[in-house]
Amino acid sequence: MIILGIESSCDDTSVALLDITDDHIEILAEKTASQIDVHKKYGGVVPEIAGRKHAEKIVPLVEHILEEARVTKPDVIAVTSGPGLITGLVVGVETAKTLSYLWDVPIVGVNHIEGHIHSVKIPNTKIQDTNKFPISNFKFPVLSLIASGGHTELILSKKQGEYERIGSTVDDAAGECFDKVAKLLGFDYPGGPKISKFAETGNPHAIEFPRPMIHSKDFNFSFAGLKTAALYWLRDNQLSASHTLSYELPAGIFGQTPEQPTINDFCSSFEQAIIDVLVTKTLNAAKKYKPKTVILGGGVSANKKLRETLQKSIEENFPASSFFLPLPKYAMDNAAMIAVAAYHHVKKKEFTLWQKLQANPNWKIY
Ligand code: KG4
Ligand code: ZN
């Protein structure tokens, strides 16, 4: 079955054509137009500009992948209908509705978080033989940590399509915290990848940052205090990356003495604080809910150290659980994950008539 995926909930206009059956997932064509260059001069995503850019790009992108895959029309359209920025969501949803009417094909409205959970199924080869890579169906219960610019959530699924939120951030999302602290350092948006690059050669124990809520009994997160601690540390130590180059700084620049932490140490210690909280909470949740499958997804799951640390911790502490990660490319927002998430809904004929489909910026799956 050929599914056209459409994703426009934030700052990526993404479309993908996938051929999905119970036995395989094949990416026929995919294309994403990133808006990062436009938004970075404002230090974050500007919703009104995002909407206009999505509107400019979406139809040419759909046309492009249909031509590339030599497909006249798909069997199903899968579109992110929420949560996300309303200015972006309406563009994807209205495009899906128009195409559904024009082609007479059904629509599945997909939740963006459900998309991130299913991103781990996307193959690293063009065709994925699910017999060799048997994650077309997860073993339940599934515990998912989804960490992105807009979300930090622990979600428990006891069966396909059922989701219970067992924890979430009470203030900033993990990716938002990375981005805000990166901005303090003078890095462009999105700052998460830049912090993790600098962190590679830093000392994670150089600065003792707080690990908010790490010992709380619940599975909630808080990152606002960490951001404030980072702000005060930078103010007190007069460290800034606004004039730095993208390679390791020798100690002694910007008023540092050789003994003082470098930018790399700062990034590494800050990254470590976020990772410690995310990993500890996920392990605590795994202890309580005994999942057969653990998933890490969302933009922050592109972070190499987080990927390695969580994988190792799950393998060591819960050897009976399977751990899945998206390929780094599919950690970020993309349309392929929306098509994959839609497949289960298609099988249950969970379609929405184009006349009824609406963008819902606050849609919760739990
Ligand atoms: O899932 P995503 O593409 O968009 C949302 O749904 O929010 O996530 C984007 C977020 C940004 O905050 C970005 O800084 C963060 O993911 N991110 C990272 C890394 N790569 C992307 N954070 C930390 N380390 C990374 N390597
Ligand atoms: Zn996302």
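Which residues does S301 touch, not counting residues up to four places away in sequence? In this predicted model, the contacts of S301 are A147, L296, L306, R307, P326 and A331. S301 itself is placed in the loop between β10 (293-297) and α9 (304-317). Buried means under 20% relative accessible area, so S301, at 0% relative accessibility, counts as buried. Between the C-alpha atoms of S301 and K53 there are 26 Å, and along the chain these two residues are 248 residues apart.

Once neighbours within four places in sequence are left aside, I314 is in contact with L283, V294, P319, S321 and F323. T282 is 32 residues from I314 in sequence, and the C-alpha atoms of T282 and I314 are 9.0 Å apart in space.

Domain 1 consists of residues 2-122 + 330-347, and domain 2 covers residues 142-325. The centres of the two domains, taken over C-alpha atoms, are separated by 27 Å. In the contact between them, domain 1 takes part with 17 residues and domain 2 with 20 residues.

Next comes the metal site. The zinc ion (ligand 2) has three named protein donors: NE2 of H112, NE2 of H116 and an OD atom of D333, lying 2.1 Å from the ion. Along the chain, the donors follow the spacing H-x3-H-x216-D. H112 belongs to helix α4 (residues 112-118), whereas D333 sits in the loop between α10 (328-331) and α11 (335-347), so the pair ties together parts that are 221 residues apart in sequence. H112 and D333 are both buried.

How many cavities of 30 Å³ or more does a search of the whole structure find? The search finds 1, and the volume of the largest cavity is about 30 Å³. Its lining is made up of I117, H118, F138, F140, V142, S157, Q160, G161 and Y163. Sorted by class, this lining has 5 nonpolar and 4 polar residues, with no charged residues. Among the lining residues are I117 and H118, and the range of helix α4 is residues 112-118.

Key:
Residues numbered from 1 in each chain as written. Chains lettered and ligands numbered in written order. Predicted model: local features only at pLDDT ≥ 70, side-chain atom pairs only at ≥ 80, totals over all residues. Heavy atoms only, no water. 1 Å grid on protein atoms, 1.4 Å probe; cavity = no way out; pocket = protein on both sides within 12 Å on 5 of 7 lines; lining within 4 Å. Points joined across faces, edges and corners; volume = space filled by probe spheres on them. Nonpolar A, V, L, I, M, F, W, Y, C, P; charged D, E, K, R; others polar. Donors = N, O, S within 2.8 Å, 3.2 Å for Na, K, Ca; no water. Helix = DSSP H or I, 4+ residues; strand = E, 2+ residues; numbered from the N terminus. Buried < 20%, exposed > 50% of the residue type's maximum accessible area, 1.4 Å probe, protein only. Domains from an automatic or database assignment. Contact = heavy atoms within 4.5 Å.
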